[in-house]
Amino acid sequence: MHTLITNLNALWKVMLAGLILGAGLPLVFAVGVRFWSTGDTVAADGRVAQRNYPALGVAVVCFGLIIAAIVTGILYTAKAFIAAKFGIHLFGQA
């Protein structure tokens with residue numbers, strides 16, 4: 001019974017990480033694209049009639065989160081290499 005509880009405890013953590021990274025990041029990117037597309041109102045003659053700065057701000061924040069997640073993932077993957085070559089210990093690398 002103890003093994004089952006331990007496995008279920010680990011399973012929900014893996015499921016949560018998969019939902020956040022597997023579905024959450026593409027969702028944040030889609031929200032950023034949606035807000036970016038509503039950032040400018042184009043007039044009939046092709047000129048930008050009005051800018052929606054709050055929408056552009058939300059889009060920039062979404063894209064910033066995506067870039068931060070990508071950089072964090074790359075650094076996490078390369079943490080042992082960075083520790084061995086440069087002596088910089090990231091993410092608690094001992």
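The legends below describe a predicted model.

**View 1. P26, a partly exposed proline in helix α1.** P26 sits in helix α1. Its relative accessible area is 45%, so P26 counts as partly exposed. Along the chain P26 and I66 are 40 residues apart, yet 8.6 Å separates their C-alpha atoms.

**View 2. The bend in α1 at G24.** Helix α1 bends by about 40° at G24, and the proline P26 follows within four residues. What about the span from end to end?

View 3. M1, L4, I5, L8, L11 and M15 together make a nonpolar surface patch of about 650 Å². One of these residues, M15, belongs to helix α1, which runs over residues 2-37. As a reminder, an α-helix has 3.6 residues a turn, so residues three or four places apart point the same way.

View 4. Look for F91 in the segment after α3 (79-86). With a relative accessible area of 43%, F91 is partly exposed.

**View 5. Confidence across the protein.** The average pLDDT is 88, and 97% of the residues score at least 70. Among the elements, helix α2 (residues 53-77) has the highest mean pLDDT, 94, while strand β1 (residues 40-42) has the lowest, 74.

Terms used:
Residues are numbered from 1 along each chain as its sequence is written. This is a predicted model: local features need pLDDT of at least 70, side-chain atom pairs count only at pLDDT 80 or more; totals for chains, interfaces and linings use all residues. Side-chain values use heavy atoms; hydrogens and water are left out. Patches are made of residues with over 30% relative accessible area and no salt bridge: like charges are joined within 9 Å, nonpolar side chains (Val, Leu, Ile, Met, Phe, Trp, Tyr) within 5 Å. Accessible areas come from the Shrake-Rupley method with a 1.4 Å probe; for residues, only the protein chains shown count as cover. A salt bridge is a side-chain nitrogen of Lys or Arg within 4 Å of a carboxyl oxygen of Asp or Glu. Helices (H or I, at least four residues) and strands (E, at least two) are DSSP runs, numbered from the N terminus. pLDDT is the predictor's confidence in each residue, from 0 to 100. The bend at a residue is the angle between axes fitted to the seven residues ending there and the seven starting there. Buried means under 20% relative accessible area, exposed over 50%, partly exposed in between (1.4 Å probe, protein chains only).
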